Amino acid sequence: MFTRYFSSNRKLLTGSILAGVLIALLCGSLQFFWSYHKREAKLDTLMSDLHVYMESYFDELKTSIDALQPLTLGQCDDVSAKLTSSAAFSINVRAFVLVRDNIAFCSSATGAMNSAINDLIPELNIQKNIDVELLSGTPMLPNRPAIAIWYRNPLIRDGGVFTSININLTPYLLYTERQNDFTGIAIVIGDKALTTMSSRLFNTRDLREIPTRTATLNGVPLKINLYAQQWTPGELFFALLFGLVCGIAAGTLIYYLLTVRLNPGKEILAAIKRGQFYVVYQPVVDAGQLKMSGAEVLMRWRHPTMGEIPPDAFISFAEAQKLIVPLTLHLFDLIIRDAPLLQTVLPPGAKFGINIAPGHLHADSFKEDMRRFKASLPPDRFQVVLEITERDMINQREARSLFEWLHHEGFEIAIDDFGTGHSALIYLERFTMDYLKIDRGFVNAIGTETVTSPVLDAVLTLARRLNMVTVAEGVETPEQAAWLREHGVNYLQGYWISRPMPLPDFIQWQPDFVKDSE
Ligand code: C2E
Ligand code: CA
Ligand code: CA
C-alpha cells in the first residue's frame, strides 16, 4: 500500500515535505504552548508571592499600629519617644502620626504638632476604620510617593493613628529580581496608582496596559496589578526555531525511511550494490539422450532480513519501479563473471536461456545492452537464448523487427510459458522463433484425466509443422518425461532432471539417470 502510494520520487518528496511542515507546526506550537504555560505558572507564583508579602506586611503594620492606638489618648511629650522607636523598628514606615479630635498632634518624625488631619491629607476619610491613600510625597520626602494609611481608634472621637509608608522599595526589589518575567507592577488605591514603570503617580484612567494578574489585600483597600506580555518575541523565535529544526529533521528522516526502507525500488538498487542477487542454473537436457544441452539462468535475491525473495515477486516489482533494465544488466554481469568457469565444463555451443522482461525488450538501450553482453562473453562459446513471453509480442511490428535484429546478432529466441497467453497459436505463425517452451501447467496435467493433453498434443503437432524446437518446462516425474519424449518434445527441463543450482553445484552436476546407468 505504502510503497505503491509513494511510487514516484516526487510524491515521496512532497509527502515528506508535507509531513515535515506538519511536524514543524506541531512541535513549534507545542514548544510555544509549553513556554506559555511555564510563563503563566511563573506569573502565578510571582503574583502569589507579592500578595503574601504585601498581606503579611500590612498585617504586621496593623499589629504595630494596634499597639500605638493607646498613645492617642496621651500627650505628645509623653508618648513621642515610644512613637519614634516604634517607627524606627517598622520597615518602610516614614512616620506614625497620632490623631485626636481631627488634629494630628504628634509625629514620630517631627514630634509635637498641631495640624488638622484634613489639611494634611484632604483625601483621607478618618470616619472609616481603615482608609488608604496614595501620596505623591510627604513633607519630609516630597518627591517620593508613599501610602498613607489610617487606622481609626474606635475608643476616641475622630482619632486614631495615621502612618505614611514607602512603597517604592518593595515592588522595585521584586521587580529587579525577576524583571525578565514581567513588565511591571502597580499598586492601585482608589483611583490612583503607583507603578514600577514610572516614579510618579498615575490616575487609574491613564494606565494603558491591562494587567495579566490582580490581587486585592485582605482588610486593606489596596489592589496589586501585575503587568506582563502574553508572550515575548524571544519565546516566539525559539518556538519557530524549534519547529523548524524538528520539521527539517522529521522530514528528512521520513524521506530517508520512505526512500531507503519502504521503497523496495530503491532497495533493489541497494541490493545490486551490496551483491544480494545471485544466479542459479537449471539444466536443460535433450529428450533423446538426456544429456545437458544448456541451462536456464534464473535470478535469486538473498535479502539480509527477509531471506530468499522469489523472482516472481521482485521481477514484477522491478518492472513496476522501472528498474528492470539495471536488474537485467546486473544479471548479465553475474553471468559474465561466471563465464570463465562455465566454459571449462560446458560443451561448446551450450545454450543459456535468459529471461528478458518486456520492460527491457522495449527499452531504448536494449540493442546496445545486448551487444555489450555478447561482446563480454567468451566469443563463439555459448549460445544465448532470450526467453520472451507471449505478452511481450503485442506490438507485433516492433517485435518482428526486433527478432530479426536479434537473429542477425546471433541470439536465439524462445517463446516462454507457451500456452498461458491468449493468442499463442497466432504468434507461432507470425514470428520466427527458435524454441517453444511449453508451460509447466500443461506438463503438470500429463497423466491426469484432464483435457489438456489433447491441447498439448495439438501444440506439439503445430510446432513440428512450423519447424520449431520444443522445450517442456516443469518436468517433475518420469511418467511426464516418458510421455513428452514419446510425443516428440525436443528438450526437457524440470525438477525430475534437476532443480536450479548455484554455480559450484552446477559445474559438478551430472544427471542422476546418467549416473544410474554408469
Ligand atoms: P520461468 O521463466 O518460467 O522459469 C521457470 C521457473 O520454473 C523457475 O522458477 C524454476 O525454478 C521453476 N521450475 C523449474 N522446474 C520446475 C519443476 O519441475 N516444477 C516446478 N514447480 N517449478 C519448476 P523461478 O526461478 O522461481 O522463476 C520464476 C519466474 O521468475 C521465471 O519463470 C521467470 O519468469 C522469472 N525470472 C526468474 N529469473 C529471472 C530473470 O533473471 N529475469 C527475468 N526477467 N525473469 C526472471
Ligand atoms: Ca523462462
Ligand atoms: Ca517458463
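Colleague: Leaving aside its neighbours within four places in sequence, which residues is I156 in contact with?
Modeller: In this predicted model, the contacts of I156 beyond four places in sequence are T72, L73, V99 and R100.

Colleague: And where is I156 found?
Modeller: I156 lies in the loop that links β5 (146-152) and β6 (160-166).

Colleague: Does I156 count as buried or exposed?
Modeller: I156 counts as buried, because its relative accessibility is 14% and the cut-off for buried is under 20%.

Colleague: How many residues apart in sequence are I156 and T72, and what is the C-alpha to C-alpha spacing?
Modeller: They are 84 residues apart in sequence, and their C-alpha atoms are 8.3 Å apart in space.

Colleague: Let us turn to the sheet. What is the order of the strands in the open sheet of 6 strands?
Modeller: The order is β3-β2-β1-β6-β5-β4, and the pairing is antiparallel. The edge strands are β3 (111-116) and β4 (130-135), each of which pairs on one side only. From one strand to the next, the twist averages 25 degrees.

Colleague: What holds strands together in a sheet, in general?
Modeller: Strands of a sheet pair through backbone hydrogen bonds, in either a parallel or an antiparallel manner.

Colleague: How many bridges join β2 to β3?
Modeller: Strand β2 (residues 103-107) is joined to β3 by 4 bridges, and the two run antiparallel. Within this pair, A104 stands opposite S115 of β3.

Colleague: Now to strand β12. How many of its residues are buried?
Modeller: Of the 10 residues of β12 (residues 277-286), 9 are buried, so the strand is largely enclosed by the rest of the structure.

Colleague: How is β12 joined to β13?
Modeller: There are 9 bridges between β12 and strand β13 (residues 292-303), and the strands run antiparallel. Q282 has E296 in β13 as its bridge partner.

Colleague: What do β12 and β13 form, and what is the phi of L290?
Modeller: The two strands form a hairpin with 5 residues between them, and L290 in the turn has a positive phi of about 60 degrees.

Colleague: How many bridges join β12 to β21, and how many join β12 to β20?
Modeller: Strand β21 (residues 501-502) is joined to β12 by 2 bridges and runs antiparallel to it; here Y281 stands opposite M501. Strand β20 (residues 491-492) is also joined to β12 by 2 bridges, again antiparallel, and Y491 in β20 is the bridge partner of D286.

Colleague: On to the helices. At roughly what angle do the axes of α9 and α11 cross?
Modeller: The axes of α9 (residues 324-345) and α11 cross at roughly 10 degrees and come within 10 Å. That angle makes α9 roughly parallel to α11.

Colleague: Which residues meet there?
Modeller: From α9, V325, L329, F332, I335 and I336 meet D369, M370, F373 and S376 of α11. By class, this contact has 7 nonpolar, 1 polar and 1 charged residues.

Colleague: How do the axes of α11 and α12 cross?
Modeller: The axes of α11 (residues 366-376) and α12 (residues 396-408) come within 12 Å and cross at roughly 20 degrees. This makes α11 roughly parallel to α12. The crossing of α11 past α12 is right-handed.

Colleague: Which residues of α11 and α12 meet?
Modeller: F366, K367, M370 and R371 of α11 meet L402, W405 and L406 of α12. The contact of α11 with α12 has 5 nonpolar, no polar and 2 charged residues.

Notes:
Residues numbered from 1 in each chain as written. Chains lettered and ligands numbered in written order. Predicted model: local features only at pLDDT ≥ 70, side-chain atom pairs only at ≥ 80, totals over all residues. Heavy atoms only, no water. Axes fitted to C-alpha atoms, helices over the stretch in contact; angles between N-to-C directions. Parallel < 35°, antiparallel > 145°, perpendicular 65-115°, else oblique. Left-handed = near helix turned anticlockwise from the far one by under 90°. Contact = heavy atoms within 4.5 Å. Nonpolar A, V, L, I, M, F, W, Y, C, P; charged D, E, K, R; others polar. Buried < 20%, exposed > 50% of the residue type's maximum accessible area, 1.4 Å probe, protein only. Pairing = 2+ DSSP bridges.
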